[in-house]
Amino acid sequence: MEGTTKIRKDRVMKTSFYKFAFKLLLTLIIAVNFGNAQEKETDMQAMMKKYMDASAPGDAHKKFDDLVGSWDIATTMWMNGPDQPATTAKGTAELKLVLGGRFLQQETKGEFMGMPSAGIGFNGYDNLDKKYTMFWIDNSSTAMYTAEGNFDKSGEILTMYGKMDDVLTGEHDKYAIYVLRLVDKNKWIFEFHDATSQPSTKVGEMVYTREK
């Protein structure tokens, strides 16, 4: 009987040891997973902060605030060179902030050379690239025009660089310069220059005057 009792005690002790070892191992696994979960949560929070910082409109986007509203446009084009008579046109524009203040949307209407003209454009600021951006389409072309750049030290002149195809000459990917000049809260000017000539030549400008 004593031998049998001893064997039973040994089995109970071994079982208790195994149970203790299993619980200890399970506790360690839970602790490690909890630590990993906390670390992953911290990493996720850091990632979300980076994402939110990159996607949030900031001071650079506030430069568009004064451009919001209804405008009259006087357009002048030097289509045959700066020494030749200019072509003029008039139109209107509606500008508003969209997508939570991240972009400035512009819609224009008017006439050019006796034909109806209409255009849609967007201006923005890329937080990652630290650059202002532009996108433009209108009914005079099937092309999409894009450009990017920055304001000068005065904060009043935005110069952007892009490429365009020249319908008249057949040239592709010609470099173009777009200049936005902030005069005051009731007036601003948008210029486009041919960057292939030296020095660059202004081929057109649009003077915006706030509607009264």
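Predicted model: local features only at pLDDT ≥ 70, side-chain atom pairs only at ≥ 80, totals over all residues.
A salt bridge, as I use the term in these notes, is a side-chain nitrogen of Lys or Arg within 4 Å of a carboxyl oxygen of Asp or Glu. With that settled, I counted, and the structure holds 6 salt bridges.

**Entry 1: the overall layout**

I started with the outline of the chain. I found 1 helix and 10 strands in the protein chain. Reading along the sequence, I noted the pattern α-β-β-β-β-β-β-β-β-β-β. The helix, α1, covers residues 2-55. How much of the chain is buried? Of the 212 residues, 28% are buried ones.

Next I went to D194, which sits in strand β9, residues 187-194. Is D194 buried or exposed? I looked up its relative accessibility, which is 18%, so D194 counts as buried; the cut-off for buried is under 20%.

I then looked for its charged partner. D194 forms a salt bridge with K174, and the closest N and O atoms are 3.6 Å apart. This pair links distant parts of the chain, since D194 belongs to strand β9 and K174 to strand β8 (residues 174-184), 20 residues apart. K174 is buried as well, because its relative accessible area is 10%.

I also wrote down that E171, K174 and D194 are linked in a network of salt bridges. One more contact of D194 went into the notebook: its side chain is joined to the side chain of T196 by a polar contact of 2.5 Å.

A reminder to myself on such pairs: side chains of opposite charge can pair when their charged atoms come close.

**Entry 2: two further salt bridges**

Which residue does E191 pair with? I found a salt bridge between E191 and R181, with the closest N and O atoms 2.8 Å apart. E191 lies in strand β9 and R181 in strand β8, so this pair ties together parts that are 10 residues apart in sequence. I checked both ends for cover. E191 has a relative accessibility of 5% and therefore counts as buried. R181 has a relative accessible area of 30%, so I put R181 down as partly exposed.

Then I turned to K202 and E205, whose side chains meet in a salt bridge at 3.0 Å, N to O. K202 comes out at 27% relative accessibility, so K202 counts as partly exposed. E205 has a relative accessible area of 16% and is therefore buried.

**Entry 3: M206**

At 15% relative accessibility, M206 counts as buried. How far is M206 from L180, in sequence and in space? I found the two 26 residues apart in sequence and 9.6 Å apart in space, going from C-alpha to C-alpha.

**Entry 4: patches on the surface**

I moved to the outside and looked at charge. D72, E94, E107 and E211 gather there in a patch of negative charge. I followed up one of them, E107, which is in strand β3 (residues 103-112). E107 has a relative accessibility of 39%, so E107 counts as partly exposed.

Which residues make the nonpolar surface patch? I listed M44, M47, M48, Y51 and M52, and the patch they make is about 560 Å². M52 lies in helix α1. With a relative accessibility of 46%, M52 counts as partly exposed.

Last, I looked at backbone angles. Most residues other than glycine have a negative phi, so I wrote down the exceptions I came across.

L99 is not a glycine, yet it has a positive phi of about 55°. I located L99 in the loop between β2 (87-98) and β3. Its relative accessibility is 61%, so L99 counts as exposed; the cut-off for exposed is over 50%.

M113, again not a glycine, has a positive phi of about 55°. M113 has its place in the loop between β3 and β4 (115-126). Why do I call M113 exposed? Because its relative accessibility is 56%.

Conventions: Residues numbered from 1 in each chain as written. Heavy atoms only, no water. Patch = residues over 30% accessible without salt bridge, like charges linked within 9 Å, V, L, I, M, F, W, Y side chains within 5 Å. Areas by Shrake-Rupley, 256 points an atom, 1.4 Å probe, with all protein chains shown as cover. Lys, Arg positive; Asp, Glu negative; His and termini not counted. Charge placed at Lys NZ, Arg CZ, Asp CG, Glu CD. Helix = DSSP H or I, 4+ residues; strand = E, 2+ residues; numbered from the N terminus. Buried < 20%, exposed > 50% of the residue type's maximum accessible area, 1.4 Å probe, protein only. Polar contact = N/O pair within 3.5 Å; in protein donor to acceptor, adjacent residues only side chain to side chain.
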